[in-house]
Amino acid sequence: MRHFDEIYALAVARRGSADAVEANLGKPKTAAEIAAMPDDRFLALATRCIFQAGFNWKVVEAMWPGFETAFEGFDIGHCLMLHDEDFERLVSDERIVRHGPKIRAVQENARFFADLASEHGSVGAFFAAWPSENYMDLLELMKKRGTRLGGNTGQYFLRFAGIDSFILSQSVVNRLVAEGIVDKAPGSKKEKEAVQAAFNTWRAQSGRSLIEISRTLAMSID
């Protein structure tokens, strides 16, 4: 496994300059910024990522004001109390993408986020306190306790929320394979632990965030 500086140098060589690499890195929000994010915005963002999964993102983006109206601004209490009549109405609502299981996930994730808020004071407080060195465990928690928040959907949700994270895109996986960390996209517990350990090592070497490391890895190979 290469030192992070070597991988960064590969990214610079592919992009042409360090400035070009830095311009595409991005950084996570601060813990204070994440903690200040209202609970309803986490539910809205999770819903958006779920509906975008396997669908045209631009269509969801264009319809998003309709989603906000249909789900009452993603108020957690309101979404928790949706009844069968509400679901019947929503699956016929032309302001949103009429996908029954994904609509049902709004209520189920309202319960997930309500539980996090009850346990930690707010959803933002929970995510703000989560240690980056255990990021893979956070993905597993979201897969188990959330609905349709596993895999890439959960990873994009965390990234868009500004939480320090890495996305196991094909480019990132290609670099992990090239470094001998895994031989394919990580699926087993052992493989996920190996990926987390590699990112933790690169964090210690570089002092950079998971987001910066992730994007550097992607730029270093594709």
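Against which helices do the buried residues of α13 pack? In this predicted model, local features require a pLDDT of at least 70 and side-chain atom pairs count only at pLDDT 80 or more, whereas totals for chains, interfaces and linings use all residues. Residues are numbered from 1 along each chain as its sequence is written, and side-chain values use heavy atoms, with hydrogens and water left out.

Helix α13 comprises 18 residues, 189-206; helices are DSSP runs of H or I with at least four residues, numbered from the N terminus. Its first and last C-alpha atoms lie 26 Å apart, close to the 26 Å expected at 1.5 Å a residue, the expected span being 1.5 Å times one less than the number of residues. Buried positions (under 20% relative accessible area, 1.4 Å probe, protein chains only) in α13 are Glu191, Val195, Gln196, Ala198, Phe199 and Trp202. Seen down the axis, these buried residues fall within an arc of 155°, so they line one face of the helix; the arc is that of the directions from the helix axis to the C-beta atoms. The buried residues pack against α1 (4-15), α10, α12 (170-178) and α14 (210-219), with contact defined as heavy atoms within 4.5 Å. The face turned away from the buried side carries Lys189, Lys190 and Ala204, which are exposed (over 50%). Just after α13, Gly207 adopts a positive phi of about 70°.

Most residues other than glycine have a negative phi.

Note on methods. Helix = DSSP H or I, 4+ residues; strand = E, 2+ residues; numbered from the N terminus.
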